[in-house]
Amino acid sequence: MAGTVAAAMLGLTAQSAMAASAGISKSVSPGCRATVTLNDTTSKASVTGKLTVGCSTGTVLVTPYISIFRDGSRVVDSKSPGLRQLGPGDAVNYTVHTADAAGTQCYKARLFVLVVTPLGEVDGSVTMDTVCVNT
């Protein structure tokens with residue numbers, strides 16, 4: 001019995017030391033998708049948000065923005081790699097970091113993608129949030 005309890009406690013400890021992550025992906029135009037992920041890096045005590053916008057067959061002109069929230073408050077203001085023109089096989093990746101505060105918090109990453117026409121007019125936008133990553 002004691003061995004079973006000790007093994008169960010060890011399993012719980014190992015799980016709490018593992019890094020947590022979340023992600024979401026949506027279409028921004030035909031043949032093009034945007035993805036945002038959030039990872040808790042337990043070994044570095046940091047939280048990393050990453051955006052990716054890429055096209056498999058379509059083309060798109062976009063300005064993606066990523067931000068990170070802790071318990072509902074923005075801790076990383078919107079950051080962007082700037083306006084990008086993407087075609088088949090093209091992608092843009094961009095990463096932001098913030099320190100993981102002590103205690104347990106709910107972190108979320110938000111991706112906002114502004115879709116622009118070749119004439120510079122707004123053609124649409126996509127907003128997505130990851131689920132809560134508790135650290």
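Biologist: What is the bridge partner of Val47 in E7?
Modeller: The bridge partner is Thr98. This is a predicted model, in which local features need pLDDT of at least 70 and side-chain atom pairs count only at pLDDT 80 or more, while totals for chains, interfaces and linings use all residues. Residues are numbered from 1 along each chain as its sequence is written, and side-chain values use heavy atoms, with hydrogens and water left out.

Biologist: How many bridges join E3 to E7?
Modeller: There are 9, and the two strands run antiparallel; strands are DSSP runs of E with at least two residues, numbered from the N terminus, and two of them pair if DSSP finds at least two bridges between them.

Biologist: In what order do the strands of that sheet come?
Modeller: The order is E1-E2-E3-E7, an open sheet of 4 strands with antiparallel pairing. E1 (21–29) and E7 (91–99) each have a single partner strand, so one side of each is left without a neighbour in the sheet.

Biologist: Switching topic, how many disulfides does the structure hold?
Modeller: It holds 2, a disulfide being a pair of cysteine sulfur atoms within 2.5 Å. One joins Cys32 to Cys55, S to S 2.1 Å, and links strand E2 with strand E3 across 23 residues. Another joins Cys106 to Cys132, also with S to S 2.1 Å.

Biologist: And is Cys132 buried, partly exposed or exposed?
Modeller: Cys132 is partly exposed at 30% relative accessible area, whereas Cys106, at 19%, counts as buried; buried means under 20%, exposed over 50% and partly exposed in between, using a 1.4 Å probe and protein chains only.
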